[in-house]
Amino acid sequence: MVDDRRPWAADLAHPVPLAAVAALVLNDHVLKHAAWAPRLLSGKLSDAAGLFFFPILLLTLASVGGSARRALPAVASAVATGTAFAAVKLSPPVNAWVSHAWGPIALDPTDLATLPALALSVMWMTRRQLAGATPAPRWLRAAAVLFTAAASLATTQARQVRLYPMWTVVDGGDARFACADLHTWVVKSGKEGAGVMVRITGRGAGSVAIEDARFEVGPASHPAVTRAPGFAMVPGVASDAYVGFAFDGEDAWQRGTRDGLVVMRVAACGEETELRVRVAYRVDRRQLVSPPSPPSSTALLVAAPEVAAPDAGAPPAEPP
Amino acid sequence: MTGRRVGVLLCAPLLGACWHTDVRRTWPGHVDVRTPPDKVVVDAVDGIKDPGEQYLVFSPGVFGGGGVAIDSSGAARAAASLGAEASVHYGTRHSSHAEDDFLFYPERAYGLNAGWTLVNQDRAGPSVGYLEAQFFDELYGVAAGWAWDPTRAQSGPQATLFAGPLYARVLHIAGDGTDVTFGLFVKVPYSWVWAR
């Protein structure tokens, strides 16, 4: 048992936790924006620093008096902090809620690797003070608490970023054929037009090719400006076909055009079919939680395999 | 030097934020539709390039400084000036601001300054009005125009160099003399912002 009745705030008013707070501030406001800073370092440093000082701040703000039994509240505070941290890092709904209230927080399970910082925090709070050592004066404790609380609140990156209207698939994005499954989404959307990606996942022997495609925006029809290759299907293997459409996306948005249709003539598994994919031109609010730049928002929220796209520009495969 | 730094320098004396209105905020960005994305993530949108913003900035404020006044005979004396100025600028930024940015300002802008030097120590006339055309790029700016001394019905050219909130100004009133002053502007910019 540790017999030390110093106030919790005294554990903050010390160079060690204050260095952790300073590291968090430096990381959030400098390193994360610096091209030279390793992503691995800047991505974890704030989490580790925060996990170290936040349990102390929590006890200070909760006005839990310093007692002879420091271990119990220290461990309880660390467990509460760790639980909340894990929930934010693992649970999309919790992450979305906290991100909305506090600012964007990465939904990244690998950040849990910083949890051992909680053990250091408990060790710090339960350490024995040297004989003759006196707690920091009241004004210094108050300043340390204010600094730490301000640093905790000011860790967010820019939240209210510019929102971009994007074409989004609303219906008809999935199709099933005898030899393949097709999943279509809009991968590019902007002033110059739009681009559609079709993920073709093999289910059996056969071939799939997008023979022709057009993007209908209101009364206007815009033919594809790129040609996707054909693919020989291998069960379980996915290929990506990209189709780009050039049109004035700014004019469409300005005119209030919000509905569109992507029509693709697909030769799949020996049959020819016309796929009609309904798309809508709208603003996806999820862009707000996708630092550092808006467009890849969905990537944060959708757990999906990530693959290079060599097939998108590869020469057409010969049908078997 | 970034636009934000310029904003900091321009607004720091005020210890306040730059106020603005987003006239057009949600607007399409740039994409290259002819090239497939480098990396494919299912259901994810590939990077959109930020087209930046356009600004119309109205900045009223005050200025004060000191320097030297050289009269028509060539005699030089210390001089001080204090006045008010309002500017209207059109400018651009290559990247869009975030609403919770503390300060932001166009990186390149041009416009007009209209001002009145209320106190012009050691000048015969009590005040001088002026109109200048101004251009600034990042931190630095230059303005040139014409000044009038209404009480003496005299006028002459005026030129000003800016570095953030600091200025150096040369004023020549025909038949009266030349003032060279250095000082500080304190302005409260208000911006109307259009996404490009």
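**Exercise 1. State the order and pairing of the strands in the open sheet of chain A.**

Step 1. Four strands take part, in the order 2-3-4-8, and their pairing is antiparallel. Strands are DSSP runs of E with at least two residues, numbered from the N terminus, and two of them pair if DSSP finds at least two bridges between them.

Step 2. Strand 2 (174–176) and strand 8 (238–246) of chain A each have a single partner strand, so one side of each lacks a neighbour in the sheet.

Step 3. On average, neighbouring strands are turned by 20° against each other, direction ignored.

The model is predicted: local features need pLDDT of at least 70, side-chain atom pairs count only at pLDDT 80 or more, and totals for chains, interfaces and linings use all residues. Residues are numbered from 1 along each chain as its sequence is written, chains are lettered from A and ligands numbered from 1 in the order in which they are written, and side-chain values use heavy atoms, without hydrogens and water.

**Exercise 2. Find how many bridges join strand 4 to strand 8 of chain A.**

Step 1. Strand 4 (residues 193–202) and strand 8 run antiparallel and are joined by 9 bridges.

Step 2. Within strand 8, A:Tyr242 stands opposite A:Met197.

Terms used:
Axes fitted to C-alpha atoms, helices over the stretch in contact; angles between N-to-C directions.
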